[in-house]
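Please examine the following structure with attention to its backbone, its strands and its side-chain packing. An explanation in running paragraphs follows.

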Amino acid sequence: KKIYLQSLKVISNLTPVSEEHFLKIQILKKQYDNYGGGILKEILKHSKREISFYTEENGVNLKVRPDAIQFEENIGVNAVISIKSTACEDLRAFYYNAAKLHYDLTEGMYQDVISKVSGRDFNTTIMIMLQTVEPFGIAVLVWSAEDIEMGKYKYQMALEIAKECQEKGKYPGYEANAEEGNFGLIQME
């Protein structure tokens, strides 16, 4: 049986999941089907998934590849859909991680680039959170306009820094956080 299973893996280029992971997937599938009266199926119905968008801004080449996008003809708004798996125990911990990992910057960049390339106003971000630890919950989160605007600001600042680095051919380390004239000494706060 082991040889047979190994040959199936090689032929199919697939790996079977463990029974434990299969049970987790089943729980998440049930959550997916029941969440919000089935809203997840409606949000994702007719969405376009994993499409790359390329553009250039201020001499810097950009590429984004959102998990999915949805159109106003289908759900009433042009939306970026991000799917995040998390080992956070609750939503508060997920919010903290989202802030720590600067998801607002990423989502702001997605909205800007996709809007520019498509000619449509993508002004909504829907984040689907899949919990990989008990109770294996799902949450559908809609980003506030204020948080996305802050993300767009952070993205523009990061773009300026990237452009400056490319032009000068210098990519500074943490000393860039020091105040000018402090020889790289950073005030700890």
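Proline 135 lies in the loop between strand 6 (124-131) and strand 7 (138-142), where helices (H or I, at least four residues) and strands (E, at least two) are DSSP runs, numbered from the N terminus. The model is predicted, so that local features need pLDDT of at least 70 and side-chain atom pairs count only at pLDDT 80 or more, while totals for chains, interfaces and linings use all residues. Residues are numbered from 1 along each chain as its sequence is written, and side-chain values use heavy atoms, with hydrogens and water left out.

The peptide bond that leads from glutamate 134 to proline 135 is cis, with omega near 15 degrees. Phenylalanine 136 lies in the loop between strand 6 and strand 7 as well, and has a positive phi of about 55 degrees although it is not a glycine. Most residues other than glycine have a negative phi, and most peptide bonds are trans. At 10% relative accessibility, phenylalanine 136 counts as buried; buried means under 20% relative accessible area, exposed over 50%, and partly exposed in between (1.4 Å probe, protein chains only). The hairpin of strand 6 and strand 7 has 6 residues between the strands.

A positive phi is also found at histidine 46, near 65 degrees. Histidine 46 sits in the loop between helix 3 (39-44) and strand 1 (48-49). Is histidine 46 buried or exposed? With a relative accessible area of 54%, histidine 46 is exposed.

The strands come next. Strand 6 is largely enclosed by the rest of the structure, because 7 of its 8 residues are buried. Strand 5 (residues 79-86) and strand 6 run parallel and are joined by 8 bridges; two strands pair if DSSP finds at least two bridges between them. Strand 6 and strand 7 run antiparallel, joined by 5 bridges. Leucine 130 illustrates both pairings: in strand 6, leucine 130 is the bridge partner of serine 85, and in strand 7, the bridge partner of leucine 130 is isoleucine 138.

In soluble globular proteins, nonpolar side chains tend to be buried together. A nonpolar core is a set of buried Ala, Val, Leu, Ile, Met, Phe, Trp, Tyr and Cys residues joined through side-chain atoms within 4.5 Å. The largest nonpolar core has 14 residues, and those with the most contacts inside it are Leu62, Val64, Val113 and Ile114. Strand 3 (60-64), helix 6 (103-118) and helix 7 (145-168) are the elements that give two or more residues to this core. Helix 6 gives the most, with 4 residues. Apart from this core lies another, of 12 residues, among them Leu28, Ile43, Ala68 and Ile138. Leaving aside its neighbours within four places in sequence, valine 64 is in contact (heavy atoms within 4.5 Å) with Ile51, Ser52, Phe53, Met109, Tyr110, Val113 and Ile114.

Lysine 152 lies in helix 7 and is buried, with a relative accessible area of 16%. Beyond its neighbours within four places in sequence, lysine 152 is in contact with Gly108, Gln111 and Asp112. Serine 115 is found in helix 6 and is buried at 18%; with the neighbours within four places in sequence left aside, serine 115 is in contact with Arg120, Asp121 and Phe122.

A pair of aromatic rings is described by the distance of the centres and the angle of the planes. Rings of Phe, Tyr and Trp (its six-membered ring) pair if their centres lie within 6.5 Å; planes under 30 degrees apart count as stacked, over 60 as edge-to-face and the rest as tilted. The count comes to 2 aromatic pairs. Phenylalanine 71 and phenylalanine 122 form an edge-to-face pair, 6.2 Å centre to centre, with 70 degrees between the planes. Phenylalanine 71 lies in the loop between strand 4 (68-70) and helix 4 (72-75) and phenylalanine 122 in the loop between helix 6 and strand 6, so the pair ties together parts that are 51 residues apart in sequence. Phenylalanine 94 and tyrosine 103 form a tilted pair, 6.4 Å centre to centre, with 50 degrees between the planes. Lysine 84 lies over the face of tyrosine 103, at 4.6 Å from the ring centre; a charge sits over a ring if NZ of Lys or CZ of Arg is within 6 Å of the ring centre and within 35 degrees of the ring normal.
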